[in-house]
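Here's a quick briefing to keep open beside the model.

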Amino acid sequence: MDYKKSNAPSSTVTRDMMDLCSDTGNVYETVSIIGKRSNQISVEIKGDLSKKLQEFASYNDNLEEVFENREQIEISRYYEKLPKPTLIAAQEYLEGKIYYRNPSKEKEKLQ
């Protein structure tokens, strides 16, 4: 899922934990799923931001030549205004867009 098109709220929202864990039956498993997806989203966002800011990198070691680039500031502000990865992951979980599986539970079903 594209994090830029997410309809996740940009601020923290209180959620009912019993509704969240209804699929897995375990609060900790649900939190683990959301946490792992949040880490994936965070790595993706960081990679995109680094790639865009790499264009503005200055390889000079002269401290006097520090300057502010307007485009670089706008890119940074855009990424700061995005919802946090945990909020995006929680929204994806609620919408059923996250695929997850538990190998130990699958093993028990086979026996």
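Predicted model: local features only at pLDDT ≥ 70, side-chain atom pairs only at ≥ 80, totals over all residues.

Residues are numbered from 1 along each chain as its sequence is written, and side-chain values use heavy atoms, with hydrogens and water left out. The chain has five helices and zero strands, where helices (H or I, at least four residues) and strands (E, at least two) are DSSP runs numbered from the N terminus.

**The chain overall**

- Reading from the N terminus, the elements go α-α-α-α-α.
- Of the chain's 111 residues, 24% count as buried; buried means under 20% relative accessible area, exposed means over 50%, and partly exposed is in between (1.4 Å probe, protein chains only).
- Take the contacts (heavy atoms within 4.5 Å) between residues at least 6 apart in sequence: 77% of them join residues at least 24 apart.

**The nonpolar core**

- As a general point, nonpolar side chains in soluble globular proteins tend to be buried together.
- A nonpolar core here is a set of buried Ala, Val, Leu, Ile, Met, Phe, Trp, Tyr and Cys residues joined through side-chain atoms within 4.5 Å.
- The largest one has 16 residues, and those touching the most other members are Tyr 3, Ile 34, Ile 41, Ile 45, Tyr 79, Ile 88 and Tyr 93.
- Helix H2 (27-54), helix H3 (70-81) and helix H4 (85-94) are the elements that give two or more residues to this core.
- Tyr 79 is buried, with 9% relative accessible area.
- Setting aside neighbours within four places in sequence, Tyr 79 contacts Tyr 3, Lys 4, Ile 45, Asp 48, Leu 49 and Lys 52.

**Aromatic pairs**

- Rings of Phe, Tyr and Trp (its six-membered ring) pair if their centres lie within 6.5 Å; planes under 30 degrees apart count as stacked, over 60 as edge-to-face, and the rest as tilted.
- The whole structure holds two such pairs.
- Tyr 78 and Tyr 79 make an edge-to-face pair, because their ring centres are 5.4 Å apart and their planes sit at 85°.
- Tyr 93 pairs with Tyr 100 in a tilted arrangement, at 6.1 Å centre to centre and 35° between the planes.
- Tyr 78 is partly exposed at 37% relative accessible area, and Tyr 100 is partly exposed at 29%.
- Tyr 93 is buried, at 4%.

**Helix H4**

- Seven of the 10 residues of H4 are buried, so the helix is mostly covered.
- Those buried residues are Leu 87, Ile 88, Ala 89, Ala 90, Gln 91, Glu 92 and Tyr 93.
- The cover over them includes H1 and H2.
- Just after H4 comes Gly 96, with a positive phi of about 75°.

**Salt bridges**

- A salt bridge is a side-chain nitrogen of Lys or Arg within 4 Å of a carboxyl oxygen of Asp or Glu, and the count by this rule is three.
- Glu 92 and Arg 37 meet in one of them, at 2.7 Å from N to O.
- Glu 92 lies in helix H4 and Arg 37 in helix H2, so this pair ties together parts 55 residues apart in sequence.
- Glu 92 is buried at 3% relative accessible area, and Arg 37 counts as buried at 15%.
- Glu 74 and Arg 77 form a salt bridge at 3.7 Å, N to O.
- Both Glu 74 and Arg 77 lie in helix H3, three residues apart, about one turn of the helix.
- Glu 74 is partly exposed at 40%, and Arg 77 is partly exposed at 45%.
- Glu 95 bridges to Lys 97, with the closest N and O atoms 2.9 Å apart.

**A nonpolar surface patch**

- Met 17, Met 18 and Val 31 make a nonpolar surface patch of about 280 Å².
- Patches are made of residues with over 30% relative accessible area and no salt bridge, with like charges joined within 9 Å and nonpolar side chains (Val, Leu, Ile, Met, Phe, Trp, Tyr) within 5 Å.
- Met 17 lies in helix H1 (residues 17-20) and counts as partly exposed at 32% relative accessibility.

Conventions: Areas by Shrake-Rupley, 256 points an atom, 1.4 Å probe, with all protein chains shown as cover.
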